[in-house]
Amino acid sequence: MNDHAVADTGRTTLETIEAHLGRYNTWMFDQIRPAVGRRILEIGSGIGNMSAFMTGAERLALSDVDPRHLDDLARKFGDRPGVSVSAWDLGQDPPAPIASETFDTVVCLNVLEHIEDDERALVRMRERLVRGGRLALLVPAHGWLFNDLDRGVGHFRRYGHKGLVRLLERTGFAVETCFHFNMVGAVGWFGSGTVLRRKTLGGAELGLFDRLVPMLKLESRLPRPFGISLIALAHREP
């Protein structure tokens, strides 16, 4: 799949998520909320599905690589106090507007798996944090789950728990917690992408999933040996 096709699939996926996964987005943000401070850099903001939860911050720097996403972000949030929108490919050094600042929080959700050199990308994130500043990171979990759905949206990899913790520690972060998220979603991803070999997720099935979120939240009371994602909260070491 070429880069344009991947970008189009990614955009369609974000639009489908915005339309059908309101409860799910709230549930996801609740997992990282304790780590989110007042001066926030969001990397890979997409069309703003998660950005909307952070617009009350003192400073919110939104970034993405897709010009269409940047237009959406500017239209939705550009007139909010303290909000800026910048183009940044995490595979490159940050642009001047971002490089000139430091933040108490970096939020990076479903982005790192799109970057070939993920270690260097994490170093770039660390460099944007004040000493002790926190990283809220979400990545797809389990290499054995990698399938056509991942390829369709341009993933280079999925992550294991131990490997992600080692990667964060190697790049100068102290990991506070790292846990699997959304066990039912992992089953659905396997069924759709591995068994049925689909390349995209449909709105109808995502809408049904969103309606089940109140029940799915019960997983927080259980051991979570697997999940569609891994969430790590970490802070920059001195």
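The following dialogue examines selected features of a predicted model.

Modeller: Residues are numbered from 1 along each chain as its sequence is written, and side-chain values use heavy atoms, with hydrogens and water left out. In this predicted model, local features need pLDDT of at least 70 and side-chain atom pairs count only at pLDDT 80 or more, whereas totals for chains, interfaces and linings use all residues.

Colleague: Why is glutamine 31 called buried?

Modeller: Buried means under 20% relative accessible area, exposed over 50%, and partly exposed in between, with a 1.4 Å probe and protein chains only. Glutamine 31 has a value of 17%, and is therefore buried.

Colleague: What makes Phe179 a residue that glutamine 31 touches?

Modeller: Contact means heavy atoms within 4.5 Å. Not counting residues up to four places away in sequence, glutamine 31 touches Phe179, Phe181, Arg224, Ile231 and Leu233.

Colleague: What makes a set of residues a nonpolar core?

Modeller: Such a core is a set of buried Ala, Val, Leu, Ile, Met, Phe, Trp, Tyr and Cys residues joined through side-chain atoms within 4.5 Å. The largest one has 32 residues, and Phe181 and Ile231 are among those that touch the most other members. Its largest share, 5 residues, comes from α2.

Key
Helices (H or I, at least four residues) and strands (E, at least two) are DSSP runs, numbered from the N terminus.
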